[in-house]
Amino acid sequence: MSENNKVSRRGAIAKELISGFNSNAFFRNNFIEEDRSKSDIDKKFNYPEHFQVERIDLDDFSMELLTWKDSKNDKVVLQLHGGGYVTALRNSYRTMAGLYSEVGKGVSVLTIDYRIAPEHPFPAALDDALCAYRWLLDKGYTEDKIILGGDSAGGGLAMAMCHYFKDNSMKMPLGIVAMSPWTDLTSSGSSYKDNKEKDPIFGHRNDIFENDSPYVADESPSNPYISPLFGDFEGFPPMLIQVGTEEMLLSDSLSVATKAKEAGVKVKLTIYEGMFHVFQLTATILPESKKAWSEVGKFFEVLN
């Protein structure tokens with residue numbers, strides 16, 4: 001485990017601004033909660049000139065394959081976006097796809113717009129993620145060329161996929177990048193209480209983790225395919241886990257890292273002081289996010 005022990009001035013200001021925005025019910029309801037089920041995949045997005053994008057429409061969901069023109073890199077990141085299984089793909093994840101490719105020295109990135117709850121509860125997101133993984137295999141990518149990358153719910157989904165692979169005697173991917181992963185939908189960790197007043201994103205929503213997620217529906221929230229924390233991590237690929245100290249979901253990362261290490265998994269856990277949930281979405285604006293993305297690049301190099 002490593003720690004980023006001091007929050008930057010820019011990071012502290014960003015945290016306060018986010019906290020103020022989320023504490024205002026008007027802004028929260030009209031600019032955050034509104035239309036969260038509507039995907040941005042049909043919206044125009046201007047990628048830098050050195051990228052090319054292919055849209056793939058499958059029966060139940062759509063995907064985008066981002067490639068770096070003339071890149072010789074034969075690896076691919078399967079990006080699983082966050083949003084609590086109730087928020088569709090946002091353009092911010094197209095930015096993240098570009099960042100994955102940048103720090104990965106030309107790695108390709110497949111970003112999927114998986115189905116979301118409540119219209120599509122468990123196992124819809126998992127089924128779509130597995131479908132995308134099989135699509136990559138069909139296109140010639142072998143398991144040792146695929147890296148799962150996810151944030152929040154997407155980070156938990158990446159681990160849920162590996163539980164599925166293990167249970168079905170399938171080969172594991174090369175590695176997992178999990179940014180503030182949501183791994184415990186039972187909300188049993190101490191940080192759900194300890195960080196409630198500090199969390200600038202979730203701390204202003206009193207009951208957000210007190211009721212079962214609509215994704216869980218009639219299933220048990222402790223099902224490892226829903227809450228990967230409760231599964232067996234033996235045989236998992238190397239994992240990079242990044243999390244902020246101010247998160248209600250801090251325990252989700254700490255508990256998974258501990259359990260996975262005890263099972264013999266190579267885990268790199270970095271705790272960023274003063275940081276909020278999925279601060280990596282700020283790209284290179286904050287020093288902490290810039291360092292986190294650099295760490296992702298170094299993790300990719302270790303996997304080679």
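Before anything else, a term: I call a residue buried under 20% relative accessible area, exposed over 50%, and partly exposed in between (1.4 Å probe, protein chains only). The model is predicted, so I keep to its cut-offs: local features need pLDDT of at least 70, side-chain atom pairs count only at pLDDT 80 or more, and totals for chains, interfaces and linings use all residues. Residues are numbered from 1 along each chain as its sequence is written, and side-chain values use heavy atoms, with hydrogens and water left out.

I started with Tyr85, where phi is positive, near 65°, in a residue other than glycine. Tyr85 counts as buried because its relative accessibility is 1%. I found Tyr85 in the loop between β4 (76-80) and α3; helices (H or I, at least four residues) and strands (E, at least two) are DSSP runs, numbered from the N terminus. Ser180 also has a positive phi, about 45°, and is not a glycine. Ser180 sits in the loop between β7 and α6 (191-194), and at a relative accessible area of 0% Ser180 is buried.

Then I checked peptide bonds. Ala117 and Pro118 are joined by a cis bond with omega of about 5°, and the bond from Phe122 to Pro123 is cis too, with omega near 10°. Pro118 lies in the loop between β5 (108-113) and α4 (124-138), and Pro123 is in the loop between β5 and α4 as well. I noted the background: most residues other than glycine have a negative phi, and most peptide bonds are trans.

**Entry: strand β7**

Is β7 mostly covered or mostly open? Five of the five residues of β7 (residues 175-179) are buried, so I put it down as mostly covered. In a regular strand the side chains alternate between the two faces of the sheet. I looked at both faces: Gly175, Val177 and Met179 are buried on one side, and Ile176 and Ala178 are buried on the other.

Next came the neighbours; two strands pair if DSSP finds at least two bridges between them. β6 (residues 146-151) pairs with β7 in the parallel sense over five bridges, with Gly150 partnered by Ala178. β8 (residues 239-244) runs parallel to β7 and is joined to it by four bridges; there Val177 stands opposite Leu240.

**Entry: a hairpin**

β2 (residues 51-57) and β3 (residues 62-68) run antiparallel, joined by seven bridges. β2 and β3 form a hairpin with four residues between them. I spotted Val53 opposite Leu66 in β3.

**Entry: helix α3**

Does the span of α3 agree or disagree with what its length predicts? The expected span of a helix is 1.5 Å times one less than its number of residues. For the twelve residues of α3 (residues 92-103) that should be 16 Å, and the end C-alpha atoms are 17 Å apart, which agrees. The buried residues of α3 include Tyr93, Met96 and Leu99. Lys105 follows α3 and has a positive phi, near 55°.

**Entry: cysteines**

How many disulfides are there? I counted zero, taking a disulfide as a pair of cysteine sulfur atoms within 2.5 Å. Cys131 is partly exposed, with a relative accessible area of 33%, whereas Cys162 is buried at 0%.
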